[in-house]
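Morning, everyone. Please bring up the sequence and the model, and keep both in view while I talk.

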Amino acid sequence: MVTSITSDTEFDAFKSNGLSVIHFYADWSEPCQHMNNILEDLVLENEFQSIKIAKCLAEDFAEISLKYNVSAVPKFIMFRNGVQVDVLDGADPIQLNKKIQALLTKSEKTDQKVEDINLRLKSLINSAPIMLFMKGSKSEPKCKFSTAIVNLLNNINAEFSTFDILQDQVVREKLKTYSNWPTYPQLYINGELIGGLDIVKELKENGELDNLLKVESSKTNLNDRLKLLIHKADVMAFIKGNKQVARCGFSNQLIQILNQTGIDYETFDILSDEEVRQGLKVYSDWPTYPQVYVKGSLIGGLDIIKELKEGGELIATLKGEL
């Protein structure tokens with residue numbers, strides 16, 4: 001439904017987050033009443049569910065009307081996160097619809113762009129177990145802070161990779177927001193932000209940095225082991241139990257389905273190794289078992305296998321043809 005603004009505070013709160021359209025109207029105006037009816041219809045349409053719509057009696061909110069130059073009604077003002085982005089004067093349903101559509105399209109493109117940038121940043125951060133974002137490179141730092149942190153890491157024989165923020169303005173600016181860390185250099189271990197030069201110095205002085213790097217090394221060794229396990233056979237199932245004796249209902253259902261395909265597969269009993277059981281969930285970013293891999297690539301769990309079977313795609317998938 002269309003929200004009725006009843007106070008200045010409610011007006012400020014309504015426009016402050018996301019996309020919003022506020023109709024400044026008057027009770028005595030027939031065009032305003034007509035447009036309010038149009039708005040009531042608009043809020044029911046699925047394509048407009050992501051935008052908030054409200055109406056505000058212009059005469060009851062004189063200061064707000066003055067601030068936004070409401071000298072005649074109906075008037076529509078569009079906001080994105082509290083900032084005015086468009087305006088429409090008069091009772092024009094077609095033009096109002098066009099403006100809202102344009103606002104939504106622009107918002108979708110903006111959201112997609114942010115998502116794409118964040119995915120790139122996440123990929124860069126995880127491109128090496130120890131990743132340093134700095135000015136310059138490991139062999140040629142280009143500021144004193146970057147030089148200092150490179151020297152510190154070299155002195156403890158750390159194996160690390162670097163990214164030169166001077167070569168990519170988008171990464172340089174967006175990573176500060178993504179990490180909520182306003183300066184460089186930035187050091188990450190296993191995808192987690194450790195901090196800048198001062199933090200790394202403190203960790204080194206307290207003896208904690210060596211422990212962090214040892215944890216990294218341990219995780220790296222586990223990841224190497226997990227990688228070997230998921231490549232042990234072309235089709236590899238991580239279950240509770242084994243193909244002869246499954247030890248939970250989900251694992252049993254999976255084994256029955258795999259057996260019906262006639263395709264060779266191997267299993268690993270996660271109940272026999274707690275390190276693998278916990279580590280594989282992180283490695284695969286899949287929180288439950290069973291997990292099925294084909295030629296080292298995660299296919300999914302029981303529900304995915306069932307869907308593939310019902311869709312007639314399971315055998316081709318297990319053969320690596322899809």
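One term before we start: a pocket here is an open set of grid points where a 1.4 Å probe fits, with protein on both sides within 12 Å along at least five of seven lines. Its volume is the space filled by probe spheres set on those points. And please remember that this is a predicted model.

Now the overall layout. The protein is divided into domain 1, residues 3–104, domain 2, residues 127–211, and domain 3, residues 232–319. Between the centres of domain 1 and domain 3, taken over C-alpha atoms, there are 53 Å.

Let's go to the pocket. How much space lies in the second largest pocket? About 150 Å³. Its lining is made of F250, W286, T288, Y289, P290, G301, L302, D303, I304 and K306. Sort that lining by class and you get 6 nonpolar, 2 polar and 2 charged residues. Which helix gives the largest share of the lining? Helix α11, residues 302–310, with 4 residues.

An α-helix has 3.6 residues a turn, so residues three or four places apart point the same way.

Next, helix α7, residues 197–205. Here L197, V200 and L203 are buried. Why do they count as lying on the same side of α7? Because their arc around the axis is only 125 degrees. On the other side of α7, D198 and E205 are exposed. After α7 comes G207, and its phi is positive, near 80 degrees.

Start with the cis peptide bonds. One joins V73 and P74, with omega about 0 degrees. P74 lies in the loop between α3 (62–67) and β4 (75–80). Another cis bond runs from Y184 to P185, with omega near 5 degrees. P185 is in the loop between α6 (169–179) and β8 (186–189).

Then positive phi outside glycine. N157 has a phi near 60 degrees, a positive value in a residue other than glycine. You will find N157 in the loop between α5 (144–155) and β7 (161–164). Is N157 buried or exposed? Exposed means over 50% relative accessible area. N157 is at 67%, so it counts as exposed.

D285 is another case. Its phi is positive, about 55 degrees, although D285 is not a glycine. D285 lies in the loop between α10 (274–284) and β12. Its relative accessible area is 64%, so D285 is exposed.

First up is Q33, in helix α2, residues 30–42. With a relative accessible area of 31%, Q33 is partly exposed. Leave aside its neighbours within four places in sequence, and Q33 is in contact with Y25, A26 and D27. How far is Q33 from P74, C-alpha to C-alpha? The separation is 9.0 Å, with the two 41 residues apart along the chain. That is the P74 of the cis bond with V73.

Last one: T267, in strand β11, residues 266–269. Buried means under 20% relative accessible area. T267 comes in at 16%, so it is buried. Which residues does T267 touch, not counting those up to four places away in sequence? They are M236, A237, I239, N242, K243 and I255.

That's my tour. Over to you.

Note on methods:
Residues are numbered from 1 along each chain as its sequence is written. This is a predicted model: local features need pLDDT of at least 70, side-chain atom pairs count only at pLDDT 80 or more; totals for chains, interfaces and linings use all residues. Side-chain values use heavy atoms; hydrogens and water are left out. Domain bounds come from an automatic or database domain assignment. On a 1 Å grid over the protein atoms alone, a cavity is a set of points where a 1.4 Å probe fits but cannot get out, and a pocket is an open set with protein on both sides within 12 Å along at least five of seven lines; lining residues have an atom within 4 Å of a point. Helices (H or I, at least four residues) and strands (E, at least two) are DSSP runs, numbered from the N terminus. Ala, Val, Leu, Ile, Met, Phe, Trp, Tyr, Cys and Pro count as nonpolar, Asp, Glu, Lys and Arg as charged, and the others, Gly among them, as polar. Buried means under 20% relative accessible area, exposed over 50%, partly exposed in between (1.4 Å probe, protein chains only). Contact means heavy atoms within 4.5 Å. The arc is that of the directions from the helix axis to the C-beta atoms.
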